[in-house]
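Let us walk through this structure one step at a time. Keep the view open while you read, and find each part as it is named.

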Protein chains: 12
Amino acid sequence: MKRSWKKKNKILVIHGPNLHILGKREKNIYGDFTISELNLELKKIAHQHNYILETFQSNSEGEIVEKISNSNYDFLIINPAAYTHTSVAIRDAILSVEKPTIEVHISNIYKREEFRRKSLISDIVLGTITGLGKLSYILALYAAIKLQK
Amino acid sequence: MKRSWKKKNKILVIHGPNLHILGKREKNIYGDFTISELNLELKKIAHQHNYILETFQSNSEGEIVEKISNSNYDFLIINPAAYTHTSVAIRDAILSVEKPTIEVHISNIYKREEFRRKSLISDIVLGTITGLGKLSYILALYAAIKLQK
Amino acid sequence: MKRSWKKKNKILVIHGPNLHILGKREKNIYGDFTISELNLELKKIAHQHNYILETFQSNSEGEIVEKISNSNYDFLIINPAAYTHTSVAIRDAILSVEKPTIEVHISNIYKREEFRRKSLISDIVLGTITGLGKLSYILALYAAIKLQK
Amino acid sequence: MKRSWKKKNKILVIHGPNLHILGKREKNIYGDFTISELNLELKKIAHQHNYILETFQSNSEGEIVEKISNSNYDFLIINPAAYTHTSVAIRDAILSVEKPTIEVHISNIYKREEFRRKSLISDIVLGTITGLGKLSYILALYAAIKLQK
Amino acid sequence: MKRSWKKKNKILVIHGPNLHILGKREKNIYGDFTISELNLELKKIAHQHNYILETFQSNSEGEIVEKISNSNYDFLIINPAAYTHTSVAIRDAILSVEKPTIEVHISNIYKREEFRRKSLISDIVLGTITGLGKLSYILALYAAIKLQK
Amino acid sequence: MKRSWKKKNKILVIHGPNLHILGKREKNIYGDFTISELNLELKKIAHQHNYILETFQSNSEGEIVEKISNSNYDFLIINPAAYTHTSVAIRDAILSVEKPTIEVHISNIYKREEFRRKSLISDIVLGTITGLGKLSYILALYAAIKLQK
Amino acid sequence: MKRSWKKKNKILVIHGPNLHILGKREKNIYGDFTISELNLELKKIAHQHNYILETFQSNSEGEIVEKISNSNYDFLIINPAAYTHTSVAIRDAILSVEKPTIEVHISNIYKREEFRRKSLISDIVLGTITGLGKLSYILALYAAIKLQK
Amino acid sequence: MKRSWKKKNKILVIHGPNLHILGKREKNIYGDFTISELNLELKKIAHQHNYILETFQSNSEGEIVEKISNSNYDFLIINPAAYTHTSVAIRDAILSVEKPTIEVHISNIYKREEFRRKSLISDIVLGTITGLGKLSYILALYAAIKLQK
Amino acid sequence: MKRSWKKKNKILVIHGPNLHILGKREKNIYGDFTISELNLELKKIAHQHNYILETFQSNSEGEIVEKISNSNYDFLIINPAAYTHTSVAIRDAILSVEKPTIEVHISNIYKREEFRRKSLISDIVLGTITGLGKLSYILALYAAIKLQK
Amino acid sequence: MKRSWKKKNKILVIHGPNLHILGKREKNIYGDFTISELNLELKKIAHQHNYILETFQSNSEGEIVEKISNSNYDFLIINPAAYTHTSVAIRDAILSVEKPTIEVHISNIYKREEFRRKSLISDIVLGTITGLGKLSYILALYAAIKLQK
Amino acid sequence: MKRSWKKKNKILVIHGPNLHILGKREKNIYGDFTISELNLELKKIAHQHNYILETFQSNSEGEIVEKISNSNYDFLIINPAAYTHTSVAIRDAILSVEKPTIEVHISNIYKREEFRRKSLISDIVLGTITGLGKLSYILALYAAIKLQK
Amino acid sequence: MKRSWKKKNKILVIHGPNLHILGKREKNIYGDFTISELNLELKKIAHQHNYILETFQSNSEGEIVEKISNSNYDFLIINPAAYTHTSVAIRDAILSVEKPTIEVHISNIYKREEFRRKSLISDIVLGTITGLGKLSYILALYAAIKLQK
């Protein structure tokens, strides 16, 4: 399937359930940065490259579905967290909007429980970045910028 | 299990996640009618046969559970969309209210991804209608009317 | 795959094995109507809408294959009964004639033995109607009529 | 499920596909008696105990289905041979007539290929006798006689 | 993993989806007590032992996730109901707060559908109490009190 | 594998675990005869045909293994009951003594839990008789007598 | 299935294989109490509530089967230990006596090897208490007392 | 297993279900030759090499079984089509006649649906030729001729 | 996928690991011809039809990959031997060169160990010829010649 | 896990079920030495190296469990025979005593039935020696001696 | 597992089998850049950040194993291509050298054949970048640089 | 299968991939001896017993295949390392030379990843020695010497 797009301005970053407590607990797995710090850093980079970047966190599958299908944006970076493995609804939302999308994970999901190995969206996104801490997001952002030029 | 009921007045139609954008995207799969047009058509038919018909759409599993268990109605027509394959909670809600129910799907779920073949509610509803576009709903409505006479 | 057809005249209804004794035994599962009564009712409806409707019952897989591939008709309604779960030959026959087809089942096959949950034709027909007694056939007929207009 | 019946007169014995060549080939597996000799011996025993015994052999799944559902008899002894492992249609026929039934096999199906270990009728018959050569039939006949007294 | 804690004051009890209608329907499975009556009884016992006990019911996976991670408490008793079998998000929330937790079920989930046998949280809680009606909660409460002394 | 033997005198009947309470509980499954009555009836038949018949019941896997390998007999009839599905040791014992053996079951194990469908000895015995109540034993005895002539 | 019983006097507690060395080895998993201390504590509680409590430990599957079916008691508390996962014979014994039964485990079997997750008796007992150390037994005893009032 | 045979005269070619419409539909998969043209070509080649070649097509499993076991021939070339994947009866028929046999398929069955990958006869024939259109038959014929010299 | 090509001159035949000892060991499985004799015979036939034929044998997965992707030829006949079942690398090489290819096997791989039944290249070649000894190669060569005309 | 121990004196050798008849039957699989001869040979070697060696054979799972946990020894060599594949209780006993252990098998269990390939203790012992007849025991004894120096 | 390292100088990039023809075939999947161009670009970036970067391509599993274990470097970026799914040897090599490693893939392996979804190294590397064309490598290089500061 | 051989002189020891770095990395798993030290020790023992012993290490599957099939020796001791689990080619090589062979592993492969539990050669060698460090080799050597006397 051919995908092409002109230079555009807005990138949406979605954080899934339990990511609101980033940097507060289980730092050995998720690192010691908070979600606010991460969002700030991403926005700064986007701004330097002349993009608008919006961030969104929710613990609710339904709210994430609505954010994906009702927002206006040109590129999606999503860390579905626990919903990676269970949500067909988020898959359907991504399928329906047909925006270029990158899936990111902070921890290496292949080192954890067996059920975390299966992602319900990996086969419908452009690509996936896993296991590199907050770098996973930053690299995805560079890719988004690069791919839209 | 014997099920019997007298003539009653209200039919509830529930649309699951991502169906709020019906007719706007992926028309080759879902057809080009909007959810408003579909709801209107269903209400007209119900009215002609002297029934009240209420429609409800939500992207949230919890809201659908509550709609099923807290509403007042005599027959349920439900298209759980993505939640068909993942929601035990909706199954439990349907089980607990013990209303005659028909499951409908717009597209033929057997032509799509493997995981869409398993429905968590098929074995607890009266029957299922799949793959006939908006006709799936209309036939379910005819069945609801017929079965309540 | 695009499917289109003009208004046509003939609908073929095929009943699979053991349906010749409908209404005589296991009435709690299959209802108390006989196959003759059902065929009569279907023909009456077809006639009212200006269609020819032919019915055919066989306990032989080979005869059903031949009926599907050697008959002249515009729409197929088929209840393969036990062959639903085992016959690749019937699947191939339906594939080869390329007629619009609806699969029907009288009982809710999802409430019964595990092996009845797998249909070998669901993914190659337009759609499926399950569990609504003789209404399964009648709704399929309405769909056939509607879809050919 | 309670099953009870009064003394009756007729026992039907059905031989499935490939049993018409009994005693002619693969004698190390199936023994050296022909199907005619076996039938004769069974009829003699039945006659001594004042029963009528009818025998039937067919290589066609459809014919066996029809024999089961269209005949008049009080007890069924069936060796479905190869159809043991594949025929849902024969299962449905036995289910629909609700006659006491014993399943028999000449060879020990558990010593052969893996797929011969699954029988589609074992859970709906009274019992099963396997691996004892023509004795499998004779013991089933004694059981039929004993159980009808 | 060593777990130790001093005497503390607050126990949180979470009821998952469909439990708001306890005692109103399906009494043969869930008993005839309402959720209010159950909550009252639990609070009385906690009070006698000098504990604060808070109760919370929600049909929404996201709200339960937030309750678990944003509340202040020393011990968690949770009946995830339908989400037991599907929610990785609730598992992640429990993992991240690292509070001693007991999982409870009113009915014996091993007597029901196959898919209810798998719990996504059993391996990360202290223990599980299943099948004893409202006693499941009461025993869990005794354990919470005992274990905090 | 060719098996042949001359006329001999002793038949051993082994009853596995929980069969000591036959006829006392669960009569709907196992019938209302006690194990003593059954043993008596089997001995009478054996005596009429000039055979010695010894019976043995144990709830211990090890004792059954020793009975099989340390006794002196010409034919074995065994109902391993629960050990049918779990004991490789009994399988090994039967393999090592190389006596003609028939496996019997009182109830139809195919109508019960899934795990009862697998027998660890079916592929190493002459044949199996299942589901015919105490007739299962009596028919096995007739077969033993017949096969030794 | 409705279960009801009047106030009765005797509770039987069965400890399965390897539990005779409780408190001597692997204290991190099983705690540091010995089986004698545990039995004493249970008897004291039973006595306070006016019950007789008998305890029994065996490493032999056959002896446990016999204890279950040959003893006289009103309520069974059983920790089958390793036999939880392998013994159909103990399942059959519990099924045959039809006494109200609670299954207990000292450690959380869901945190250990995969094969320990399957219990062969969970679906035939009233309920299960897992992972709470000696409290698992004590809570089961409270339940036994409560349920018999 | 050693197989040897002298020069003989007759080759039987069996075409399974749905092959009677070869060259009429789905030409992209099966090519544009009709079964009559194919049969003619095969007969011509056989005649040039001094063999008799008989062809047979049937949609009935039972008829194919009978053709295999009741005909007189020296070599079998069979395309079981849909029955390749489901017919234990045809397998048994081929086993019982013990003639050298080659299995052929027109299309590459490994490029199609998953269930077409399993053949129930591949392990009992001499060899298999797949995916080469009508050449599959012609090469099989050359092999039959070569192997009988 | 449409494949078409004009008359060309060169056919490459690749023999996988362990085929260099053809005719020296395990003659009952692989026949008594050596690889040199086979290569000679194939070259003679190719020469008669005006083709160049190159042969290549290697026990190294890497060398075969390189041969496939670095050579110049119009048609590939390959017997990957043991690598049939394990080499994704050879699959990728064949995919990347996009030459018409036939897979051959000397022995009937369906009669041997279970793991030999899965070929990693069957679904990407034109077709497969199995079990006919050196005829497998010769027939593949005829097909290559025929298909290039 | 680091294991270290000083020079000690006693080695325990346990033989599982059916090994009491070693050398009497099935000599082609198990060799023609008796268990007494084997025990004698092992004791002689132990004595030469200044060790005490005790041997124990039982057909009872419970007795083996008790021998393992109630005896006094420094090294365990165990051939669990049939219990290798079924006994979690023996696994638990070995786990609880924490003695260095070697698992031995006389025959090559990988050449026999599929279910013999899974050992329930292989992952908790030091190592395993399989298929070398009585040498399996002797080599294990040498290892025990070597590892304790 | 804690991993820490000081600023170092050398990054090794390994390209697996069939990547030597990058940009020459199947451009729709792999893009139109050659491996030389890609290597050049990576070296330029590394140079700008003051790192040495070595590249290596091989079609031989053995050579890659040796490169990994015999080279001198501080960080590994590897695209194992086809060996991703089959090579335990490469996994072992990476495990043994204990260097920080990132796995990259040019195409989205989740959109391709099922067997490409399983990577044998994902659980032992720091992280994985998939599906972003040559950007996959460039982002991995940025991560390597960032993580070593 | 009977195996017998007279006293001979040469034993070949093959070390698979990654074993050339024994004693240099991962010492906790593989011990701290180097491959040279191990080889020296094995040669000394062989010499004392009057045998020639050759050792060979390779990371290439093809080279190991060739070593096995082209060398001259009387007994093979092989540690296939990673190829244990994937190499059908090595299996085929061992099968074709028909030399007595023992498989050895340094670490206990049953304590490691799931995929290491399956060996592709265990069922075709004399026996296997696993988990005893360098003793695995030494015991295999003793067995080779003993078995050739």
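Start with one pair of residues: Ile11(L) stands opposite Leu53(L) in E2(L). The model here is a predicted one. Now widen the view to the strands around that pair. Strand E1 (residues 10–15) of chain L runs parallel to E2(L), and 6 bridges join the two. Strands of a sheet pair through backbone hydrogen bonds, either parallel or antiparallel.

A helix lies against these strands. H5(L) packs on the sheet. In chain L, H5(L) touches E1, E2, strand E3 (75–79), strand E4 (101–105) and E5. H5(L) also touches E5 of chain J. The direction of H5(L) makes about 165° with that of E3(L).

Which strands make up the whole sheet, and in what order? Trace them across: E2(J)-E1(J)-E3(J)-E4(J)-E5(J)-E5(L)-E4(L)-E3(L)-E1(L)-E2(L). That is an open sheet of 10 strands with mixed pairing. Its edge strands are strand E2 (52–57) of chain J and strand E2 (52–57) of chain L. Each of these edge strands pairs on one side only. On average, neighbouring strands in this sheet are turned by 20° against each other, direction ignored.

Now look at where the two chains join. Strand E5 (residues 127–130) of chain J and E5(L) run antiparallel, joined by 3 bridges. Find Ile129(J) there: it stands opposite Ile129(L).

How many residues does each chain give to the contact between chain L and chain J? Chain L gives 22 residues, and chain J gives 22 residues. The two chains bury about 1,900 Å² between them. Of that area, 62% is on carbon and sulfur atoms.

Charged and polar groups also meet here. The interface of chain L and chain J has 2 salt bridges. One of them joins Asp123(L) to Arg117(J), with the closest N and O atoms 3.9 Å apart. The interface also has 9 residue pairs in polar contact. On the chain L side, strand E5 (127–130) and helix H5 (134–148) each supply at least two residues. The largest share, 6 residues, comes from H5(L). By type, the chain L side divides into 12 nonpolar, 6 polar and 4 charged residues.

Next, turn to chain A and chain K. In this contact, 22 residues of chain A meet 22 residues of chain K. The buried area between chain A and chain K is about 1,900 Å², with 61% on carbon and sulfur atoms. Two chains can also meet through strands. E5(A) pairs with strand E5 (residues 127–130) of chain K in the antiparallel sense, over 3 bridges. Within that pairing, Thr130(A) has Thr128(K) as its bridge partner.

Which residues form a salt bridge between chain A and chain K? Arg117(A) and Asp123(K) do, at 3.8 Å from N to O. H5(A) gives the largest share, 6 residues. The chain A side divides into 12 nonpolar, 6 polar and 4 charged residues.

Move on to chain E and chain G. Here too an open sheet of 10 strands with mixed pairing can be followed: E2(E)-E1(E)-E3(E)-E4(E)-E5(E)-E5(G)-E4(G)-E3(G)-E1(G)-E2(G). Strand E2 (52–57) of chain E and strand E2 (52–57) of chain G stand at the edges. Each has a single partner strand, so one side of each is left without a neighbour in the sheet. Strand E5 (residues 127–130) of chain E meets strand E5 (residues 127–130) of chain G in the antiparallel sense, over 3 bridges. There, Thr128(E) has Thr130(G) as its bridge partner.

Some chains do not touch. Chain E and chain F are one such pair, with their nearest C-alpha atoms 12 Å apart. Chain C and chain K are another, at 20 Å.

Finish with salt bridges across the whole structure. Over all chains there are 97. One of them joins the side chains of Glu54(C) and Lys67(C), at 2.7 Å from N to O. Glu54(C) lies in strand E2 (residues 52–57) of chain C, and Lys67(C) in helix H3 (residues 61–70) of chain C. The two residues are 13 apart, and the pair links distant parts of the chain.

Key. Residues numbered from 1 in each chain as written. Chains lettered and ligands numbered in written order. Predicted model: local features only at pLDDT ≥ 70, side-chain atom pairs only at ≥ 80, totals over all residues. Heavy atoms only, no water. Contact = heavy atoms within 4.5 Å. Buried area = accessible area lost by both parts, 1.4 Å probe. Salt bridge = Lys/Arg side-chain N within 4 Å of Asp/Glu carboxyl O. Helix = DSSP H or I, 4+ residues; strand = E, 2+ residues; numbered from the N terminus. Nonpolar A, V, L, I, M, F, W, Y, C, P; charged D, E, K, R; others polar. Pairing = 2+ DSSP bridges. Polar contact = N/O pair within 3.5 Å; in protein donor to acceptor, adjacent residues only side chain to side chain. Axes fitted to C-alpha atoms, helices over the stretch in contact; angles between N-to-C directions.
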